[in-house]
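The structure is shown first.

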Amino acid sequence: MRVRVFQSEAEAASAVADRIAAALRQKPSLVLGLPTGRTPMPLYRELAARCRRGEVDFSRASTFNLDEFAGVEPEEPGSFRAFMERHLFREVNLAPERIHFLDGAAASPAQACERYEEELRAAGGIDLLLLGIGGNGHVAFNEPADGLLARTHVTKLSRETRTANAPLFGDDPMKVPLQALTMGMGTILQARALLLMAFGAGKAQVVRQMREGPVTPRLPASFLQLHPDVDVVLDAAAAGG
Ligand code: PGA
């Protein structure tokens, strides 16, 4: 893992935006994997500003988001799809047909997960997958467990994760769905390059465990140690000061 530490979230977001802009120049049909959450928001703001100034072009790029709540329609304000529309999709020149999302409202969530794996294969796999990390060490919605499922699947959300996502559901953790659809750890590790961002003192301990601890399904992010091309982008607080 290559670790880069920046003084502020804004500086970190700018460096990640540089990396994405360069990747898009080199390969305009770049396939990007995208997270939701508080962490990528400064990056999405930066990408939106650069796109408005004509400095970055998403017109031929494709995106695949990591996860979505089960039983939530894409138009509902709490959905990750709606989050992405607000913070990135409507701000940049992505082609709607190349935006890929897990269908949380599918009649058969398991089939929606299989379809997603097929869409990923058809797109040629992910070139650069951006990730956050949960306070409990999850990546996407791969929660700490005795074992992890490799492929995209339906999963039960932990109490901690539902609490962390309560702001999307009127600050009421009980309104956060019990289940979600998520890329599996194998799907994530198949991306050609990974870039994980973590900001704030609250992430310092889990970031250290991810980098230095054993590879264990009890801390799903530790599996990133197995990937040959991982960048970890931190602010000073997440790096432990
Ligand atoms: P956060 O979530 O960016 O809101 O901290 C990260 C995650 O749960 O993966």
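An oxygen atom of the ligand is 2.4 Å from a polar side-chain atom of T39, a polar contact being a pair of N or O atoms within 3.5 Å. A polar side-chain atom of H138 likewise lies 2.6 Å from a ligand oxygen atom. The backbone contributes through R38, where a polar atom is 2.9 Å from an oxygen atom of the ligand. The protein buries 73% of the 280 Å² that the ligand exposes when taken alone (Shrake-Rupley method, 1.4 Å probe).

The model is predicted: local features require pLDDT of at least 70 and side-chain atom pairs pLDDT 80 or more, whereas totals for chains, interfaces and linings use all residues. Residues are numbered from 1 along each chain as its sequence is written, and side-chain values use heavy atoms, without hydrogens and water.

## Surrounding shell

Around the ligand are G37, R38, T39, G132, I133, G134, H138 and K203, where near means a heavy atom within 4 Å. This shell divides into one nonpolar, five polar and two charged residues, with Gly counted as polar.

## Aromatic pairs

The count of aromatic pairs is six (ring centres of Phe, Tyr and Trp, the last by its six-membered ring, within 6.5 Å; planes under 30 degrees apart are stacked, over 60 edge-to-face, the rest tilted). F80 and F141 form a stacked pair, at 5.6 Å centre to centre with 20° between the planes.

Terms used: Polar contact = N/O pair within 3.5 Å; in protein donor to acceptor, adjacent residues only side chain to side chain.
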